[in-house]
Amino acid sequence: MSDFNQPLGGNEMPRFGGPVTMMRLPAQETAEGLDACFIGIPMDIGASNRPGTRLGPRQIRDESRMLRPYNMATGAAPFEKLQVADIGDVPINTFDLKKSVDIITAHYRGVLAHDVVPLTLGGDHTLTWPILRAIKEKHGPVALVHVDAHADINDEMFGEKVAHGCPFRRAWEDGCLLNDKVFQIGLRGTGYSPEDFNWSRDKGWTVVQAEECWYQSLKPLMERVRAAIGEAPVYLTFDIDSLDPAFAPGTGTVEPGGLSTWQGLEIVRGCAGLNLVGGDLVEVSPPYDPTGNTALIGANLLYEMLCVLPGVQ
Ligand code: MN
Ligand code: MN
């Protein structure tokens with residue numbers, strides 16, 4: 001018997017029954033005693049196009065029910081090394097985005113009072129900025145692995161500073177990032193001007209457009225990412241719209257020509273050995289995901305994040 005929490009197994013309770021927590025793990029109110037936690041942010045009021053990500057955390061939890069504890073590809077057995085639980089959702093104010101980002105920062109301040117790595121189920125991408133503010137208070141500025149179809153560095157959207165297209169502009173302004181250790185991977189599609197991606201490059205960030213990823217393994221890219229980041233604390237933010245809509249159509253801001261699921265796995269698995277201090281999986285929109293496949297891929301990527309946390313490998 002392990003000393004650590006275990007996901008409820010499929011031979012103890014049918015997988016379509018039992019608790020609707022992430023991986024059917026035990027639920028608890030706080031992060032006390034945990035090495036890692038799953039936490040949901042049911043929010044879509046920062047979305048600019050199709051809504052629905054407020055339902056993302058629930059659907060990701062539901063579609064996580066088939067996840068078994070052992071990683072057949074990497075050999076990771078996270079529940080033999082870490083104490084993990086699902087600590088529920090952040091009670092955002094769904095009528096006020098500006099209040100919600102402050103609620104999120106305050107909530108993560110409480111979570112990070114414990115020695116825990118939070119893995120967040122989103123929610124629209126606005127949420128990464130308030131998380132990074134809390135992360136900075138604990139860890140200082142961090143390296144960033146940002147997987148997305150979009151740069152999310154707009155100064156404003158519709159005249160507003162807080163939106164799901166702005167989080168990394170705000171994080172940069174707040175000094176949350178180590179600018180020579182920021183990687184944006186999978187960017188593509190139409191823009192307003194070259195500036196849409198060059199703003200990032202001008203800050204010293206590395207932009208890897210989707211076309212640079214086509215037809216190849218991303219293992220060499222991740223070797224370069226690891227070499228550049230070294231020992232620095234790093235945050236991994238994975239927007240599900242980085243994947244091609246053939247794989248992950250259930251999201252709000254779809255762009256063709258994206259990454260494959262196996263490239264997404266290579267990116268997350270390629271973070272093994274880094275000093276990960278947090279991660280999120282955002283922009284799953286269940287109303288546009290009738291098969292559940294997008295949420296299922298999201299659940300798997302969150303499990304893969306758990307498998308590369310320090311202390312697992
Ligand atoms: Mn995004
Ligand atoms: Mn995106």
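These legends describe close-up views of a predicted model. Local features require pLDDT of at least 70 and side-chain atom pairs pLDDT 80 or more, while totals for chains, interfaces and linings use all residues; side-chain values use heavy atoms, without hydrogens and water. Residues are numbered from 1 along each chain as its sequence is written, and chains are lettered from A and ligands numbered from 1 in the order in which they are written.

**View 1. The manganese ion (ligand 1) and its protein donors.** His125 (ND1), Asp148 (OD), Asp152 (OD) and Asp239 (OD) lie 2.1 to 2.2 Å from the ion. Donors are N, O and S atoms within 2.8 Å of the metal (3.2 Å for Na, K and Ca); water is not among the atoms, so sites may look incomplete. Along the chain, the donors of ligand 1 follow the spacing H-x22-D-x3-D-x86-D. His125 sits in the loop between β3 (117-122) and α3 (128-139), and Asp152 in the loop between β4 (142-147) and α4 (167-173), so the pair ties together parts that are 27 residues apart in sequence. Helices (H or I, at least four residues) and strands (E, at least two) are DSSP runs, numbered from the N terminus. His125 and Asp152 are buried. Buried means under 20% relative accessible area, exposed over 50%, and partly exposed in between (1.4 Å probe, protein chains only).

**View 2. The manganese ion (ligand 2) and the bridge to ligand 1.** Protein donors here are Asp148 (OD), His150 (ND1), Asp239 (OD), Asp241 (OD) and Asp241 (OD), at 2.1 to 2.5 Å. Their residues are spaced D-x1-H-x88-D-x1-D in sequence. Asp148 bridges the two manganese ions, which lie 3.2 Å apart. Asp239 and Asp241 are buried.

**View 3. Packing of helix α7 (residues 261-269) on helix α8 (residues 293-307).** The angle is about 20°, and the axes are 9 Å apart. Axes are lines fitted to C-alpha atoms, for helices over the stretch in contact, and angles run from 0 to 180 degrees between N-to-C directions. The crossing is right-handed: the near helix is turned clockwise from the far one by less than a right angle. Thr261, Gly264, Leu265, Val268 and Arg269 of α7 meet Ile297, Leu301, Glu304 and Met305 of α8. Contact means heavy atoms within 4.5 Å.

**View 4. Packing of helix α2 (residues 97-111) on α3.** These helices pack at about 35°, with axes 8 Å apart. Their crossing is right-handed. Among the contact residues are Val101, Ile104 and Tyr108 of α2 and Trp129, Pro130 and Ile131 of α3.

**View 5. Helix α1 (residues 56-63) and Gly292.** Gly56, Pro57, Ile60, Arg61 and Glu63 of α1 are buried. Their cover includes β1 (36-41), β2 (84-89), β3, β8 (275-282) and α8. Gly292 lies in the loop between β8 and α8 and counts as buried at 3% relative accessibility. Gly292 and Glu63 are 229 residues apart in sequence and 7.0 Å apart in space, C-alpha to C-alpha.

**View 6. Backbone details at Gly123, Arg24 and Tyr215.** The peptide bond from Gly122 to Gly123 is cis, with omega near 10°. Arg24, in the segment before β1, has a positive phi of about 55° although it is not a glycine. Arg24 is buried, with a relative accessible area of 3%. Tyr215 also has a positive phi, about 65°. Tyr215 is exposed, with a relative accessible area of 80%.
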